[in-house]
Amino acid sequence: LLHLLLVDEKLVEVLRSMKHYFFLDQGDLFVHLLLNAEEELSKPSGQIHPSTLASLLELTVRTSTTGLDPFHDRVGFELHSSTIALMLRRIMDIGSSSAAAAAAATSLGSQGSASSGGAAMPPQLVTGLDVFGFTFRIGWPLSLVVGRLALMKYQLLFRLVFQCKILERRLCTSWGEAQGLRRHPDRGGLHRAFLLRHRMLQFVQSFVYYIAFEVIEPNWQHLEKGVHGAR
């Protein structure tokens, strides 16, 4: 069984491929994704054409370094019916057990209006950027290792990292657009706003760094070591 998983089915290589997409560890994938699909993803989620987005995603994969990935044809996308904040709130309300969390996420994924203990965003304000997520096709026997619950966790981590990078990008864009206001009469009020934005940007960048290099990477190394040491 181990030979089948590790050699024939290339388990480690498949996991590394998933890491490229779900954790955005190759930065140009995020850049190319927004370069090609930001206009479409900025629309309200109900107005996005799946076929158009699928074409843009294919272009993104082929023009970024992930185009060299032998498993890139397994990647797809999903427009979830709720934001990540609403989904996580639903999971926390139900309980911390893995089974309950999986059921909550699955339920919320198909029923965006499910009660969550908090108000949901009006549908017209939810854009594709708020609900976009990658999918990855896992067949048997790899599904014995990367099951539905594991894939859901990868998707949740992707949505967290993706939203943080979107926020970081918007803050950087805001900084560039505000350069023309340096000589505005109300410099005192603007200075406080600029200082607040700078602190927000510092926090988001530090948080993204912490997720990538203090949480994901050490645990990934531990995962690969465990897989290679399997007996």
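Phe203 and Phe207 lie four residues apart in helix H9, so about one helical turn separates them. Their ring centres are 6.1 Å apart and their planes meet at 5 degrees, so the pair is stacked. Please keep in mind that this is a predicted model. The points below start with this pair and then move on to the rest of the chain.

**The Phe203 and Phe207 pair**

- Phe203 counts as exposed, because its relative accessibility is 58% and the cut-off for exposed is over 50%.
- Phe207 is partly exposed, with a relative accessible area of 31%.
- A pair of aromatic rings is described by two values, the distance of the centres and the angle of the planes.

**The chain as a whole**

- The protein chain contains nine helices and two strands.
- Reading from the N terminus, the order of elements is α-α-α-α-β-α-α-α-β-α-α.
- The protein chain has 231 residues, and 38% of them count as buried.
- Among contacts in the protein chain with a separation of 6 or more, 81% join residues 24 or more positions apart.
- The accessible surface of the protein chain is about 13,400 Å², and carbon and sulfur atoms make up 59% of that area.

**Other aromatic residues**

- The structure holds 14 aromatic pairs.
- One of them joins Tyr21 and Phe134: the ring centres are 6.0 Å apart and the planes stand at 75 degrees, so this pair is edge-to-face.
- The Tyr21 and Phe134 pair links distant parts of the chain, since Tyr21 belongs to helix H2 and Phe134 to strand E2 (residues 132-136), 113 residues apart.
- Both Tyr21 and Phe134 are buried.
- Tyr21 and Phe134 are also members of one aromatic cluster, together with Phe30, Phe77, Phe132, Phe136, Phe158 and Phe162.

**Helix H2 against helix H8**

- Two packed helices are described by the angle between their axes and the distance between the axes.
- For helix H2 (residues 11-22) and helix H8 (residues 148-177), the angle is about 30 degrees and the axes are 9 Å apart.
- On the H2 side, the contact is made by Leu15, Met18, Tyr21 and Phe22.
- On the H8 side, Leu151, Tyr154, Gln155, Leu157 and Phe158 take part.
- Sorted by class, this contact of H2 with H8 has eight nonpolar residues, one polar residue and no charged residues.

**Salt bridges**

- The count of salt bridges comes to six.
- Lys19 forms a salt bridge with Asp25, and the closest N and O atoms are 3.3 Å apart.
- Lys19 is buried, with a relative accessible area of 10%, while Asp25 counts as partly exposed at 35% relative accessibility.
- The side chain of Lys19 also meets that of Glu217 in a salt bridge, at 3.1 Å from N to O.
- This second pair links distant parts of the chain: Lys19 is in helix H2 and Glu217 in helix H9 (residues 187-228), 198 residues apart.
- Glu217 counts as partly exposed, at 26% relative accessibility.
- Another salt bridge brings together the side chains of Lys43 and Glu40, at 3.0 Å from N to O.
- Lys43 is partly exposed, with a relative accessible area of 29%, whereas Glu40 is buried, with 8%.
- Through salt bridges that share partners, Lys19, Asp25 and Glu217 are joined into one network.

- Leu57 is found in helix H4 (residues 50-63).
- Leu57 counts as buried because its relative accessibility is 6%, and buried means under 20%.
- Setting aside neighbours within four places in sequence, Leu57 is in contact with Leu33, Gly76, Phe77 and Phe134.
- Of these contacts, Leu33 is 24 residues from Leu57 in sequence, and their C-alpha atoms are 7.0 Å apart.

Conventions:
Residues numbered from 1 in each chain as written. Predicted model: local features only at pLDDT ≥ 70, side-chain atom pairs only at ≥ 80, totals over all residues. Heavy atoms only, no water. Buried < 20%, exposed > 50% of the residue type's maximum accessible area, 1.4 Å probe, protein only. Contact = heavy atoms within 4.5 Å. Areas by Shrake-Rupley, 256 points an atom, 1.4 Å probe, with all protein chains shown as cover. Axes fitted to C-alpha atoms, helices over the stretch in contact; angles between N-to-C directions. Nonpolar A, V, L, I, M, F, W, Y, C, P; charged D, E, K, R; others polar. Salt bridge = Lys/Arg side-chain N within 4 Å of Asp/Glu carboxyl O. Phe/Tyr/Trp six-rings, centres within 6.5 Å; stacked < 30°, edge-to-face > 60°.
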